[in-house]
Amino acid sequence: MTTDPEHPVVPEELAELRRVFEVGLTRIDGQLALLAHRDDQTAKDQDDLSARIKALEHTRWPLPAVAALTAVGALAIAVWQALGH
């Protein structure tokens with residue numbers, strides 16, 4: 001490493017720069033770990049919600065079939081009343 005003779009590099013300054021650099025890297029590592037944990041939690045939540053939606057879709061009433069049965073029932077009652085029963 002070449003240094004400017006007017007500005008000599010002091011070992012204490014290098015040590016301070018190294019300490020600041022290591023603290024910054026440690027902080028970045030912590031933030032990355034937190035982001036990874038949040039990503040894992042979000043993926044788990046998404047999988048749970050997807051499973052819940054599938055369960056709800058599986059147990060819901062088939063509305064078109066219910067509507068068709070209601071229409072047939074109403075038609076049968078109308079025909080029955082029209083015939084005078």
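Modeller: Let us begin with burial: buried residues make up 1% of the 85 residues in the protein. Please keep in mind that this is a predicted model.

Biologist: How many helices and how many strands does the secondary structure contain?

Modeller: There are two helices and zero strands. Helix α1 covers residues 11-59, and helix α2 covers residues 63-82.

Biologist: Which residue just after α2 takes a positive phi?

Modeller: That residue is Gly84, with a phi of about 90°.

Biologist: Let us turn to charged side chains. What can happen when their charged atoms come close?

Modeller: Side chains of opposite charge can then pair. A salt bridge is counted when a side-chain nitrogen of Lys or Arg is within 4 Å of a carboxyl oxygen of Asp or Glu. By this rule the protein has three salt bridges.

Biologist: Which residue meets Arg19 in a salt bridge, and at what distance from N to O?

Modeller: The partner is Glu16, at 2.9 Å from N to O. Both residues lie in helix α1, three residues apart, about one turn of the helix.

Biologist: Why does such spacing matter for the direction in which residues point?

Modeller: An α-helix has 3.6 residues a turn, so residues three or four places apart point the same way.

Biologist: Where do Glu22 and Arg18 lie, and how many residues apart are they?

Modeller: Glu22 and Arg18 both lie in helix α1, four residues apart. They form a salt bridge whose closest N and O atoms are 3.1 Å apart.

Biologist: Is Arg18 exposed or buried?

Modeller: Arg18 counts as exposed because its relative accessibility is 57%, and the cut-off for exposed is over 50%.

Biologist: Which residue forms a salt bridge with Asp48?

Modeller: Lys44 does, with 3.7 Å from N to O. Asp48 and Lys44 are separated by about one helical turn because they are four residues apart in helix α1. Asp48 is partly exposed at 38% relative accessibility, and Lys44 is partly exposed at 46%.

Biologist: Finally, which residues form a nonpolar patch on the surface?

Modeller: The patch consists of Phe21, Leu25, Ile28, Leu32 and Leu35, which together have about 490 Å² of accessible area. One of them, Leu25, lies in helix α1. Leu25 counts as partly exposed because its relative accessibility is 38%; a patch residue needs over 30% relative accessible area.

Key. Residues are numbered from 1 along each chain as its sequence is written. This is a predicted model: local features need pLDDT of at least 70, side-chain atom pairs count only at pLDDT 80 or more; totals for chains, interfaces and linings use all residues. Side-chain values use heavy atoms; hydrogens and water are left out. Patches are made of residues with over 30% relative accessible area and no salt bridge: like charges are joined within 9 Å, nonpolar side chains (Val, Leu, Ile, Met, Phe, Trp, Tyr) within 5 Å. Accessible areas come from the Shrake-Rupley method with a 1.4 Å probe; for residues, only the protein chains shown count as cover. Buried means under 20% relative accessible area, exposed over 50%, partly exposed in between (1.4 Å probe, protein chains only). The expected span of a helix is 1.5 Å times one less than its number of residues.
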